Amino acid sequence: MLCVEKPTLDFLQQLEARLLPRLQTYGDVLRSAAGKSYDSYASFQPFNESTRALFPLFDEIKKYLKPGDIILDTWCRTGFSGALLAGLFPEQQVISMWEGNLGVLGYEGYAYWLSKENRLSNWDIIFADPSRGLPFKDKSFAFIHALDSLHRYTLQPFLSDCLRTVSDSGTIIFPHIHLSNSQPDPFFERGGLQLHGESYKAYFAKVLQKDHRIAYVMSEKALFNLEQPTALIDQANTSHYNGLVAIFNQSPAEIVVKPWSNALIENERPIRQSLVQVDKTNGTISINNERAFELLRRHPCYAERLEQVLPHQLTSLQIKIWTWAETGATWQDIADRLKMDLDQLKSEADALYKSELLITLPIGEQMGQLQAFYADRFIMPRLNDQCFAHLWSRLENHYRDREVLRSDDGSVFYFGDVKDVVCAMARLFQSLGLSKGQYVLMQSQCHAEAVLAVWAVWLCGAVIAPVDPLMPRGDVEQLIDRLQPTLFLDDMRDESGVPAMRCLPLLTDTSSFFIGDRLSEWIGNGSEAFPDDELNEIGAENKAAAVIFTSGSTGKPKAVVLSHGALFRGSLALTSTYGIQKSDVLCCPGGLHTMSGLRNTCLLPFLSGATLATVDSAQFSHPTTAAAACRQHGISVLSVVPAFLNLVAAVRSPLAFGPLRQILCTGNVLRLEIQKAAETKLGVPVYSYYGLTETGGVCLAIKPEMERTCDADIGVPVNAHLRLVDDDGDVIDDPKTIGHLEIYSNQLMLEYFDDTEASAKKFHDGWLRTGDLARIENGHCILIGRTDDMFKTRHGVAVYPAVIEEVLCAHEDVSEAAVIGEMTLTGPRLHAWIITKSLQTEDWLTRFKPWLSARLNIHFCPDEFHLVESLPRVANGKIAKVALRKELMEIEE
């Protein structure tokens with residue numbers, strides 16, 4: 001025990017209770033502050049020259065440390081310095097001091113982020129103000145690290161306290177002292193004690209004249225820029241204005257300073273540079289002047305370093321490393337995800353370090369998470385925690401006595417109800433043979449029982465495979481043969497016509513039963529919970545969570561296998577981009593068999609603590625009933641497809657959607673005219689985002705601060721990088737050139753189920769081929785159309801149907817259009833299907849064609865027009881162009 005006075009355990013417990021509020025409240029404050037400005041110095045500390053000036057001395061410090069020695073860290077403002085020392089010196093015990101309940105952490109912050117259970121085991125933290133004396137016995141420490149302390153605290157008695165508490169052979173390092181050798185140019189006020197290096201040298205010589213130790217004054221800039229090992233040279237006359245004082249137990253000839261080597265530590269996460277911005281449309285990293293300007297003005301030597309190495313063009317592999325570094329992955333995690341050895345990553349990691357973009361330091365998992373929070377102002381769970389099991393274990397923290405789920409029939413499920421029902425259902429599923437990694441096929445509308453069943457399946461560690469409720473039974477039976485599921489869940493109708501979920505065990509002789517019949521007996525009965533050790537086993541981040549069948553809008557549906565991590569990070573991207581809050585009530589009336597329907601309904605609410613409202617999709621077949629549903633259930637965030645907004649735009653009477661505050665739209669390109677009309681009618685913003693099932697959903701989005709420029713504008717990358725490649729697969733440098741859109745992110749599909757060949761074809765060097773054509777305009781991705789839709793006219797001109805459709809819909813009488821090409825015996829022909837806002841005749845076409853010819857190149861004008869009242873659609877609202885092609889074939893026959 002090092003304290004002069006030993007406090008009692010009772011005193012410490014009373015002090016903790018008085019000083020620390022409920023840590024969950026503190027966590028809520030952090031989440032509500034996501035994305036807001038923070039202390040830039042906290043995020044910058046791992047890269048700061050004052051931190052890195054110490055690195056060349058580590059080998060010398062280690063020489064005089066024995067196992068069990070104690071190290072003092074006098075100024076642990078952000079937690080970083082103590083974590084770094086504990087990681088660098090694992091055989092020693094580190095004690096960090098902070099001044100009290102102030103600064104970026106304070107009592108609550110340290111308790112929340114760096115509790116005894118979370119921080120490195122050889123690291124302790126005390127709250128005491130060094131300016132009031134160091135509360136330790138004489139000769140307690142083998143090494144004292146006093147960053148930012150010598151100019152901050154009164155030189156005496158602080159220096160005397162350091163000399164008193166260090167052992168006879170101990171080392172003292174004072175990183176970052178303010179020298180008066182020169183002044184910053186341009187000048188800025190530094191504050192604190194400022195002495196010339198020679199004055200420090202003389203002062204320390206006097207203080208240490210009866211001591212066997214020697215003090216050396218060194219240039220902070222020279223240590224930071226060190227490139228080769230060299231004998232220590234006293235630099236008291238440095239021309240720089242910041243320095244480092246080291247008190248060693250040997251002569252200068254024996255001390256060698258060495259440049260830092262950025263090793264790949266397999267269990268450590270790379271720390272990302274916080275002063276940069278990444279253009280995720282071309283992989284360029286540059287200085288973020290808005291964030292970095294003031295800091296770099298006060299750190300000109302670091303600014304000079306950044307100007308030398310930035311901008312930096314990321315290679316494909318560096319993009320992948322950066323992408324996984326954003327998840328909080330360790331180097332071993334990154335190697336595993338990229339299916340590479342650590343040695344294969346080293347050259348690219350070195351390049352990123354030399355460009356000041358990544359640094360690897362042994363600070364421990366929790367400090368790494370805190371450092372990422374400093375940089376992003378966002379709580380990113382540990383990689384292994386990015387799964388449903390982790391969310392389930394934290395569910396009470398989000399909801400406690402709040403509603404988790406509002407059912408269409410008026411039922412309300414609070415946390416306790418959800419816990420009872422889902423745990424009981426999961427235990428029942430397990431008794432029917434369901435275990436980790438097995439499949440459950442579900443054919444159901446989106447209602448409360450279905451959602452609870454999905455959560456129960458995930459709680460078993462099993463994989464949910466939802467299918468379209470309208471899928472013919474023969475097709476469902478084929479899927480059962482293909483997936484070999486353990487259970488089949490489907491909707492039947494009770495006597496009142498309300499959907500009721502039936503469970504049919506497929507691998508046992510158990511008879512089918514209705515889940516709803518057991519709900520009342522489960523609620524309030526305290527069903528057997530899932531302990532943490534069981535939760536840790538059931539759903540790993542990189543294991544399959546769902547099989548989703550693609551819409552089939554352009555061909556045969558594929559079975560996309562998505563991991564828990566992909567669903568988690570897609571939900572996180574939407575939550576952070578659109579500010580989903582605990583106070584929100586979220587509704588996604590689309591089916592659970594779609595990407596957005598499953599993720600936005602079953603996972604997204606858990607990320608923010610929002611309440612989920614399950615509403616019969618039939619109520620969203622007309623805006624009037626949809627408005628009533630929003631008012632009834634208090635819906636504030638609505639996730640829809642463009643077809644619904646088409647209906648809203650067509651309504652002439654006022655619509656009152658109650659507390660609705662924003663609409664998220666996906667599934668197809670949203671026409672700008674429809675978006676603006678819907679926003680005007682509803683009085684709330686409409687945000688569209690783009691993603692494929694294979695990309696884990698959202699990968700590009702229109703963010704709240706952005707304006708869409710045209711119908712084809714699908715926004716900017718969100719938690720993803722994009723690139724455009726030509727027909728040979730080479731990256732296109734000119735952003736205005738149309739190319740094949742490829743996506744890389746940490747939420748891509750694992751594979752197509754049982755289709756190795758199709759899975760391999762979908763990827764190009766790890767990038768997912770979207771099958772879309774696009775170009776870049778002012779940082780936004782402009783969607784041109786599907787690769788499969790593009791064809792060439794008899795004149796060899798490339799035709800993109802989406803471009804023609806946009807022009808067709810610009811006519812005041814046209815509400816929607818679809819264009820496809822067909823190859824005939826006489827050559828290629830373009831067909832256009834048009835839905836008009838009012839009933840039109842062939843005479844209208846006669847007037848319409850000249851209008852169109854004035855706006856389209858003659859090669860792009862359709863050869864045939866079909867005036868129709870509706871267009872065939874797949875489940876997510878997309879136009880079923882396969883059906884249109886089939887229609888053409890039938891016409892020709």
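**Salt bridges in a predicted model**

The side chains of D161 and R164 meet in a salt bridge, at 3.2 Å from N to O. A salt bridge here is a side-chain nitrogen of Lys or Arg within 4 Å of a carboxyl oxygen of Asp or Glu. Across the whole structure, the search finds 35 salt bridges. This is a predicted model, in which local features need pLDDT of at least 70, side-chain atom pairs count only at pLDDT 80 or more, and totals for chains, interfaces and linings use all residues. Residues are numbered from 1 along each chain as its sequence is written, and side-chain values use heavy atoms, with hydrogens and water left out.

**D161 and R164**
- Both residues sit in helix 8 (residues 155-165), three residues apart, so about one helical turn separates them. Helices (H or I, at least four residues) and strands (E, at least two) are DSSP runs, numbered from the N terminus.
- D161 is buried, at 12% relative accessible area.
- R164 is partly exposed, at 27%. Buried means under 20% relative accessible area, exposed over 50%, and partly exposed in between (1.4 Å probe, protein chains only).

**R305 and E356**
- R305 forms a salt bridge with E356, with the closest N and O atoms 2.8 Å apart.
- This pair links distant parts of the chain, 51 residues apart: R305 is in helix 12 (residues 300-309), and E356 is in the loop between helix 15 (342-354) and strand 14 (358-359).
- R305 and E356 are both buried.

**E757 and K761**
- The side chains of E757 and K761 meet in a salt bridge of 3.3 Å, N to O.
- Both lie in helix 30 (residues 756-762), four residues apart, about one turn of the helix.
- E757 and K761 are both exposed.

**Network**
- Salt bridges with shared partners join R52, R305 and E356 into one network.
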